Amino acid sequence: MVTMLRRRAVSSVIPLLVVVLGVFFLARLTGDPANLYLPLSATPEMRAEFAARNGFDQPLITQFGDYLAQVAHLDFGESLRTAQPAGEAVLRAFPATLQLAGWTMLLAIVGAVVIGSLAAYRPNSVTDRVASFLSSTAASVPDFWFAIMGVLVFAVTLGWLPTSGTSGAAAWVLPVATLLIRPFGVLVQVVRGAMVSALSAPYVKVARAKGARESRVVFGHALRNAAAPALTVAGDLAVGLVNGAVVVETIFGWPGIGKLMIDSVLQRDFAVLQAAVLLTALVIFALNILVDVCHALLDPRVRQRAAA
Amino acid sequence: MAQKDMSRFRWPALLLQDRFAFAAALVLVAVAVCAVLGPLLIGDLATRQNLRDPGREPFSLDHGWAFVLGSDSLGRPVAARLIAAAGTTLSVAVPAVLCSLAVGSVWGMWAGYHGGWRESVSLRVADVILSFPSLLLAVVVLYVFSPSAVGIVVVLAVARIPVYLRTARAESAELRSRLFIDAARTFGTTGWASIRRHVAPTVLPTLLTVAALDFCFVMLTESSLSFLGIGIQPPDVSWGLMVAQGRQELQSAWWIAVFPGLAIVITTVSATVLAAWARLSTDPGQRWRHGLRRGGSRLRRPRPARGDVGPGPSPTAESAPTGEGPDLTETPPPPLAVSPAHAVSPAQAGAPVAGADTLAVDGLAVDIRTPAGPVPVVRGVSFAVRSGETLALLGESGCGKSMTAHAVAGLLDPAAEVVGGQARLDGEDVLALGPRARRRLAGPGLSIVFQDALSALNPVLTVGTQLAEPFRIHEGLSRRAARARAIELMERVGIPEASSRAGAYPHQFSGGMRQRLLIAMAVALRPKVLLADEPTTALDVTVQAQIMDLLAELRSEQRMALVLITHDLGLVAEHADRVAVMYAGTVVETGPVTEVFGRPNHPYTRGLLESVPAEQHKGSRLDSIPGSPPDPRSVPTGCAFRTRCPMAREVCAGHRPTLAGTGADRAAACHFGKELADA
Amino acid sequence: MPEPGTLLEARGLTKSFAVPRTAKGSTRLRAVDGVDLRLGRGETLGLVGESGCGKSTLARMLLMLERPDEGTVRFEGVDPFTLSGAKLLAWRRKVQMVFQDPFGSLNPRLCAADLISEPWLTHRGLVPAPKRAARVAELLEMVGLRPSDARRYPQEFSGGQRQRIGIARALALEPDVVVCDEPVSALDLSVQAQVLNLLSDLRDELGLSYVFISHDLSVVRHVADRVAVMYLGRIVESGPAEEVFDRPHHPYTAALLSAAPSLAATGGAKRERILLTGEIPSPADPPSGCRFRTRCWRAEDVCAEAVPVPPLGEPSHTAECHFPLEETPAVAGSGPGGGSRSA
C-alpha cells in the first residue's frame with residue numbers, strides 16, 4: 001500500500017508541473033495587467049515601473065523559473081488586486097468550497113447506492129424505469145438554470161430560502177442541490193449498471209445456493225463488487241464538481257475557490273489564479289490517489305497488484 | 001438465423017418500437033431543422049429591438065406566433081430567439097463533438113492497438129487534460145483568444161479528446177488480445193490496415209454512443225460559458241446567454257429564463273435517451289435483456305396450456321404432430337409429450353421401491369424467454385439418483401444439461417423459467433416450494449459445484465468468510481465457531497496450511513485449489529444431493545484426477561447422491577455408476593455406465609462412443625456423427641436426432657420417441673431402441 | 001516412416017514475459033525455455049502439455065506473433081526474423097495458423113467470404129480480384145461447407161462450421177505448414193471427429209505439414225507422427241507418437257497418460273493410476289534442476305541439482321530425465337485405450 005502511494009505521488013509530479021506551466025503561460029497571454037491596474041493616462045515610465053515591480057519585464061522563462069523557486073518555498077506571490085499574499089487568499093476561500101463539495105458527494109453517493117441498487121435488483125421493473133428516466137434527466141439539467149429556477153421558486157416566489165450567503169442550514173440547500181443534481185444522476189446510472197452485472201455473476205448464484213437471504217446476497221456479495229466502477233466515476237465527478245462550483249458560487253455569491261478563480265481571471269490577478277489552480281490541481285491529484293486507495297481497500301486483487 | 005442481417009437493416013423499425021427513443025429522435029430532428037431553417041423562418045426577429053413591445057406575457061397569440069412565449073425587456077420575441085439560439089448551439093456543439101471524436105478515436109485506437117509506450121504516454125496526456133476542470137480551462141483560454149464561437153469549439157474539442165481517447169483505447173486494447181487480430185497478423189496485416197479493417201468497425205458504435213453523451217456535455221458547457229459571460233457574445237443568441245439575461249429580470253419576467261432552460265433540458269435528455277437506446281440496440285446481450293420486458297406478458301399465455309400436458313401422461317400429445325409437415329421446424333416445437341414417467345422413469349426401472357431415490361427429476365421442462373417467444377431448452381428431462389450413487393448427466397454443449405441442474409437447484413437466470421415437471425428430493429417436490437423453504441434446503445438438501453471456480457468465488461471476500469457462510473446461515477454459529485468449521489473443511493479437502501490460508505482471497509489460490517474450495521463450500525452441510533456442473537472442465541488432466549478422487553471420497557464418506565454433469569465420456573466411464581445421455585434438451589438413453597457404453601441402445605450414444613479418437617486406429621478416419629446439434633429454436637419435429645441419424649425412417653419425423661425400457665434398468669428414447677438392444 | 005526433409009526448425013527458443021514480482025523475487029516468467037523443434041515435410045508434429053506449459057507461446061513464436069528472446073526459427077533454412085518487406089510477406093504465406101477458439105478468431109462483423117478472402121487484401125498478387133469469389137467457393141467446398149454459405153456471418157454457424165471457416169482462411173494463402181493451436185478442444189465430441197477427419201484429408205490432398213497443439217492426448221495420438229511433451233516451458237520428451245504413448249520414458253508423460261480418463265475403464269473397475277500430487281509450479285519460479293522433480297515420485301537429490309540432459313546423438317526418442325522409465329511394464333500399458341487393469 002505504501003509502495004503504491006509513493007509511486008502514485010511520484011507519478012503525479014510531472015502532470016502537476018504541466019498544469020502549472022500551462023496556467024502560467026496561458027495567464028500571461030490573457031493581456032497586460034498594466035492596462036487594468038494603472039490609470040488610462042499612465043505614462044510608459046509608470047508602466048515600465050509597474051512591470052519591473054511585478055517582474056513582468058523579465059523574459060517569460062525567467063519569470064517562470066522565479067515563480068517555481070517561490071512556489072517551492074510556499075510563496076505564491078501577492079495578489080495584484082488586494083496586495084495580500086495569494087496563498088492566503090486561496091486558503092481562505094478553500095474551506096467553503098470543500099464543505100460544499102463534501103456534502104454534495106456524500107449525498108450523491110449514498111443516494112445513488114440506494115436508488116441504483118433498488119433499480120438493479122429487478123431490471124426493467126417499474127422502479128428501474130422510473131429511476132433510469134429521472135436519473136438521466138437529472139444528469140442533463142444545466143446547473144445554472146436549475147439554480148435560477150430554485151431561486152425563482154423557493155426564494156422569489158415562496159420566500160423559504162435565501163438567495164445567497166452561507167449562514168444557516170437554509171442557505172446550504174440550494175447550492176448543494178444545484179451541485180448535487182448532475183453527479184447524482186450519473187452515479188445512479190453507474191451503480192445500477194454495475195449492480196446488474198454483479199447480480200448476474202456466478203458467485204451470486206453460489207451465495208443463493210448456500211441459502212443466503214436476498215439482503216445478504218445484494219449487500220454482502222454484490223455491492224462490494226459493484227463498488228469499483230462506481231468509485232472510478234465518483235472520482236471523475238468529484239473533479240467535475242470544480243466546474244459546478246464555479247457556476248454555483250457565482251450565482252449564490254458563495255465565497256469559495258470557484259468564484260475566486262473566475263474573479264481572478266476576469267481581473268488578471270495572476271498570482272491568485274496560479275495559486276488557486278495549483279491548489280485545485282493538488283486536491284484533484286490527492287483525490288485520485290484517494291480513489292486508488294479506496295479501490296485497494298475494496299478489492300484485494302488491486303491490493304496485490306499495487307504491492308507488486 | 002440471419003439475425004445479423006436483420007438487425008442491420010431494421011434499426012429504423014427498432015427505433016419505432018421504442019416510443020421513448022422515437023420521441024427523442026423527433027426532438028433532435030426538430031432542433032436540427034430549427035437550426036438549419038431558422039434564419040429563413042424568423043429573419044431578424046430575434047435580434048431586432050422593438051421597444052413598443054417590452055416584457056410581453058407568454059401564451060398569447062395576439063401579437064403573432066413569434067410572441068407566443070412572450071418577449072424580453074427589449075421587446076424581442078422569446079420564441080424567435082429560441083429558434084435562432086438552436087442554430088448557435090448546434091454550430092458550436094456539432095463541430096466540437098466531431099473534432100474530438102475524430103482526433104480522440106483515431107489516437108485511442110492507435111494507442112490501444114499498439115500498446116506499450118504509445119499507450120502509456122497517451123493515457124498520461126489524457127490524464128493531464130482531464131485533471132484540469134474543463135470549464136476553468138475554457139474560461140482561461142477564452143480570455144486569451146477573446147470569447148467567440150470558434151474559440152469555444154476549439155477549447156471544448158481539445159478538452160474532450162481524452163474522453164474518446166480513453167474509450168477507444170480501452171476497447172482496442174481489449175481487441176488487441178482477440179484472436180482475429182492475431183489471425184490478421186499471421187497474414188502479414190498490421191498497423192493501420194488492421195485498425196481500419198477490424199478495430200474501427202468494432203469500436204465505432206461505442207464511440208458514437210459516447211459522442212451522443214458528449215454532445216450533452218458540450219452543450220451544457222457552452223451554455224454555462226455563455227451564462228458566465230465568456231461564451232457566445234451578444235448580439236448572437238444562445239440558450240445559456242438567454243438564461244443569463246433572464247436572470248436579471250427573474251422577478252418581473254420569469255419566462256425569459258425558463259424557456260431557454262427547458263430547451264436545453266429537452267435537447268440533452270433526448271440525446272441521452274437516444275444514446276442509451278443506441279447502446280442497447282448495438283449490444284446483442286443487452287438487446288436480449290431489453291426484449292424480456294415486452295416479451296414478458298405475452299409469454300405467459302402458453303403456460304396454462306403447457307401445464308395441461310405437463311407432468312401427467314398425455315396420450316393425445318403423441319399423435320398430435322402426425323400429418324403435419326416438416327415445416328414445423330420453423331415454429332417452436334409442439335407442446336411436449338413428457339414421458340409417462342410412471343411407466344418408464346429410470347427411477348422406477350432402477351429401484352422398484354419408490355422413495356429409495358434421493359432425487360427424482362420427472363418431466364422437467366424449462367423455457368427461455370426471448371423477444372421472439374419462449375424457446376424450450378429442457379424438454380421433459382427425467383432421471384433419478386440414489387444416495388451413495390454417481391449419476392452422470394452426459395451431453396454436448398447446448399443440450400440443456402446445465403440448465404437442468406440450475407433448474408433443480410433453483411438458480412435459473414431471470415430469463416429462464418420452469419414450465420413443467422417435478423424434482424422430488426426425498427419425495428418432496430422442490431420446484432413447488434416457496435423461496436423461504438427452498439433457502440432452508442439450499443445447502444443441507446441440495447448443493448451445487450460450478451465449473452469455473454474463479455468466477456464462482458466472490459473475489460472480494462476471504463475464502464474463510466465464504467466457507468463459513470453455510471454454517472452461519474443454517475446452523476447460526478458464531479463468527480468464530482463458523483470459521484473453525486471452515487478451517488476444518490479446508491483441511492478435509494486437502495488445502496495445505498488451512499488455518500493461515502483462510503484469510504486469503506480466491507485469486508491467491510491455484511485453479512485446482514479453488515475448485516477444492518468450491519467443493520468444500522458445497523459439501524459443508526453434508527447435502528443429500530450434490531450437483532457437480534462440469535467440475536473439472538477448466539482444469540488440467542493431472543489436477544482433474546485429483547478433484548475427481550476427492551469427489552468420490554466425499555460421496556462415499558457422506559453418502560451423498562452425486563449428479564456429475566459433463567461432456568467427457570472418459571470421465572463418465574471412470575467415475576459414474578449410471579449415466580443419462582442428453583440430446584437437444586431431453587434424456588435419450590439411461591442405464592448403468594458399463595452397459596450403456598458397452599452396448600448403446602440409442603444411435604446417438606453409439607455415435608458419440610465411436611467419435612472418441614482413442615478408440616480407433618491411428619490415422620484412420622474417425623467415425624463421426626454428421627451435422628451438428630440442433631439450435632434450441634429449431635429442433636426437428638419428431639425425434640430430435642433424426643436429421644443426423646443413420647437409422648432414421650419416416651416414423652422418426654412424425655413421432656417423438658419417449659424414453660422406454662430396453663432392458664433391465666435401461667431405457668432409450670428411440671423408435672428402434674429395442675432392436676438395438678436385441679441386435 | 002522415412003526420415004523426411006526438415007521444413008521448419010527451432011533451436012534454443014526462449015521467451016519470457018515481465019510479471020509482477022513473485023514471492024521469490026523473480027520478475028520474469030519464462031514461458032518457453034530453450035526449446036528445440038523439428039518438423040519434417042508432410043509430417044504432423046504433436047505438441048502436448050497442460051495449461052501454462054508454454055505450448056501456445058511456442059506456436060506464436062513459430063508464427064512470428066512473438067519475438068523470441070533467444071534462439072532461432074528456420075523455415076527451409078531461412079530465419080524469418082531477419083526478413084522484411086516483400087520477403088517477409090512471402091514467408092508469412094508459407095506458415096499459417098488455425099486457432100483454438102472458433103468464436104474469437106473470426107471477426108463477427110465480416111461474412112464468411114470476407115473472412116476467407118481477408119488474407120488476399122494484404123497479399124494482393126496471390127488471387128486477382130475477379131477470381132476471388134470463385135476461389136472462396138472452392139475453399140468453402142474444400143472444407144465441407146456450401147458455396148452459398150459465403151454471405152453468412154460467423155454467429156450463424158455452429159462451432160464446428162466456424163472452425164472450418166478458420167481452416168479455409170488458413171488455406172487461402174496456400175501454406176506449407178499449418179500450426180493448429182488446440183483446433184478441436186472447443187468443439188463437441190461429435191463435431192471434433194469431423195474436423196479431425198477434415199484436417200487429415202487436407203494433409204493428404206495438399207501435402208501440408210502440421211504442428212498440432214493439444215492438451216488432449218487421445219487426439220494427438222490419433223493425428224501425430226511425432227510427439228513432443230512440454231512441461232514448464234521445456235520439451236521433456238519427444239519421439240515417434242506410438243513409441244512415446246506406448247513406452248513413455250519420462251515420468252511426467254507416464255503420469256499424463258495415466259491421468260487422462262479413458263473409456264476403457266468403466267464403472268467400478270478402476271485402473272491403477274499414477275496420481276500426481278500438487279499442481280504445476282509457477283513458470284515464474286520454476287524448481288531448480290529438473291522441473292518436474294517437485295511432483296515426481298522418482299526424484300532424488302541429483303534432480304534438484306542438475307538439469308537432466310538427454311543423451312547425445314539425437315536418437316529418435318529422447319527424454320530429459322535422470323531416471324527415465326525403461327520399458328517398465330508398470331506404466332507401459334496404461335495409455336488411453338491401452339490395456340487397463342483392475343486395482
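Helices and strands are taken here as DSSP runs, helices having at least four residues and strands at least two. On this basis, chain A of the predicted model holds 13 helices and zero strands. Read from the N terminus, its elements run α-α-α-α-α-α-α-α-α-α-α-α-α. The C-alpha trace of chain A spans about 85 × 60 × 30 Å along its principal axes. Of the 308 residues in chain A, 43% are buried. Contacts in chain A were also sorted by sequence separation. Among those between residues at least 6 apart, 72% join residues at least 24 apart.

An unreviewed UniProt entry places the feature "domain: ABC transmembrane type-1" at residues 94-291 of chain A. Over that stretch the chain is 85% helix and 0% strand.

Chain B meets chain A through 58 residues of chain B and 53 residues of chain A. Helix H11 of chain B, residues 255-282, gives the most to the chain B side, with nine residues. By class, this side of chain B divides into 36 nonpolar, 14 polar and eight charged residues.

Chain B also contacts chain C. Here 54 residues come from chain B and 55 from chain C. Several helices of chain B each supply at least two residues to the side that touches chain C, among them H9 (191-228), H24 (541-558) and H27 (603-611). Helix H8 of chain B gives the most to that side, with seven residues. The side of chain B that touches chain C has 24 nonpolar, 17 polar and 13 charged residues.

Within chain B, the domain assignment gives two domains. Domain 1 covers 2-35 + 89-283, and domain 2 covers 359-445 + 525-678. Their C-alpha centres lie 51 Å apart.

Helix packing in chain B was examined for one pair. Helix H4 (residues 78-114) and helix H7 (residues 149-176) of chain B pack at an angle of about 30 degrees. Their axes are 5 Å apart. H4(B) passes H7(B) in a right-handed crossing. The residues of this contact divide into 23 nonpolar, eight polar and five charged.

A loop residue of chain B was examined next. Gly585(B) sits in the loop between strand E9 (578-583) and strand E10 (586-592) of chain B. Gly585(B) counts as buried because 28 other C-beta atoms lie within 10 Å, and the cut-off for a buried residue is 20 or more. Gly585(B) and Cys399(B) are 186 residues apart along the chain, yet their C-alpha atoms are separated by 5.0 Å. Leaving out residues up to four places away in sequence, Gly585(B) touches Pro376(B), Val377(B), Val378(B), Arg379(B), Cys399(B), Gly400(B) and Pro632(B).

In chain C, Leu8(C) lies in strand E1 (residues 6-18). Leu8(C) is likewise classed as buried, because 23 other C-beta atoms lie within 10 Å. Leu8(C) and Leu62(C) are 54 residues apart in sequence, and their C-alpha atoms are 8.7 Å apart in space. Not counting residues up to four places away in sequence, Leu8(C) touches Leu39(C), Leu62(C), Phe75(C) and Val177(C).

Note on methods:
Residues numbered from 1 in each chain as written. Chains lettered and ligands numbered in written order. Predicted model: local features only at pLDDT ≥ 70, side-chain atom pairs only at ≥ 80, totals over all residues. Contact = placed C-beta atoms within 7 Å. Nonpolar A, V, L, I, M, F, W, Y, C, P; charged D, E, K, R; others polar. UniProt positions renumbered as here; feature names shortened; annotations may be inferred. Buried ≥ 20, exposed ≤ 12 C-beta atoms within 10 Å, placed from the backbone. Axes fitted to C-alpha atoms, helices over the stretch in contact; angles between N-to-C directions. Left-handed = near helix turned anticlockwise from the far one by under 90°. Domains from an automatic or database assignment.
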